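Here is a friendly walk through a two-chain model. Have a look at the structure first, and then we can go through its contacts together.

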Amino acid sequence: MTHRTQIEDYNYSVFVGSEEFMAFRTLLPVGSSAADFEAKLLETGQRVQFSDYWKKGDVLIEFGSLT
Amino acid sequence: MARQFAPKGINFVFLYTREAHPGENYPAHRSFEQKLEHARAFKAEFNVERPILVDDLTGTAHKLYGSLPNMTYLIGRGGRVLFRADWTDPRTIEYAINYVLNSRARRREGLRLAPFYAEFVGYRWNDPGKFQEGLVRAGQQAVDDFDRAMKQRLKQGPRPGRIELPE
């Protein structure tokens, strides 16, 4: 799968319904180790590691978008 | 809520993902700059004070956590998942955080509390008017796509994973 296809596959253009609700239940259950990732901090443009937050203390992360 | 719990060592962050309901005003992302623009619009629209992390264009972080449109995780210091929910509900989050903080406080007082695995069904306030406002903000395409998806869902039965409970 090309990078372009991956982008278009993930960022669907038409909402048809969320099918991932069952898969969520077995992924990263309570008690498991959280997954680390890199992301860009909107406010500064810096690249940050998510683990930097849980090294400092507890972290509540919400996922979402404008729409 | 972030301000309420900050003194107790809870950091709140938001991860900006793909558009759940793309429309004419906020279409599906095709460039990272576009995704950043949408994240800036989100911050302004909802006056978000929490740090906003923007995921990459292929949703690497989002996929690691389940790809759902509005889920929440509470990660304990050191990186263990303490709580998670497939929908974000402030009342449930507050309950979970207070439960963790109270349990720790009781352990510090010397009470012998052993951690265990638990699950429960959450109840969230479902506001169709507010949801419709969000679709309209995205554009008419988002309104039409959602309407079409719900009609299709009615034909197919409840979506997999939907929890139906009697009153």
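## Salt bridges between the chains

A salt bridge here is a side-chain nitrogen of Lys or Arg within 4 Å of a carboxyl oxygen of Asp or Glu. A:Glu20 and B:Arg18 form one, with 3.4 Å between the closest N and O atoms. Across the interface of chain B and chain A, the rule finds four salt bridges.

## About the model

This is a predicted model, where local features need pLDDT of at least 70, side-chain atom pairs count only at pLDDT 80 or more, and totals for chains, interfaces and linings use all residues. Residues are numbered from 1 along each chain as its sequence is written, and side-chain values use heavy atoms, with hydrogens and water left out.

## The interface

Contact (heavy atoms within 4.5 Å) between the chains takes in 82 residues from chain B and 54 residues from chain A. Together the two chains bury about 6,700 Å², with 59% of it on carbon and sulfur atoms; buried area is the accessible area (1.4 Å probe) that two parts lose on being put together, summed over both. On the chain B side, B:Arg18, B:Arg30 and B:Arg84 lose the most area to chain A, together 11% of what that side buries.

## A proline in a loop

B:Pro69 sits in the loop between helix 3 (60–64) and strand 3 (72–75) of chain B; helices (H or I, at least four residues) and strands (E, at least two) are DSSP runs, numbered from the N terminus. Not counting residues up to four places away in sequence, B:Pro69 touches A:Ser18, A:Phe63, A:Gly64, B:Ala20 and B:Trp87.

Terms used: Chains are lettered from A and ligands numbered from 1 in the order in which they are written.
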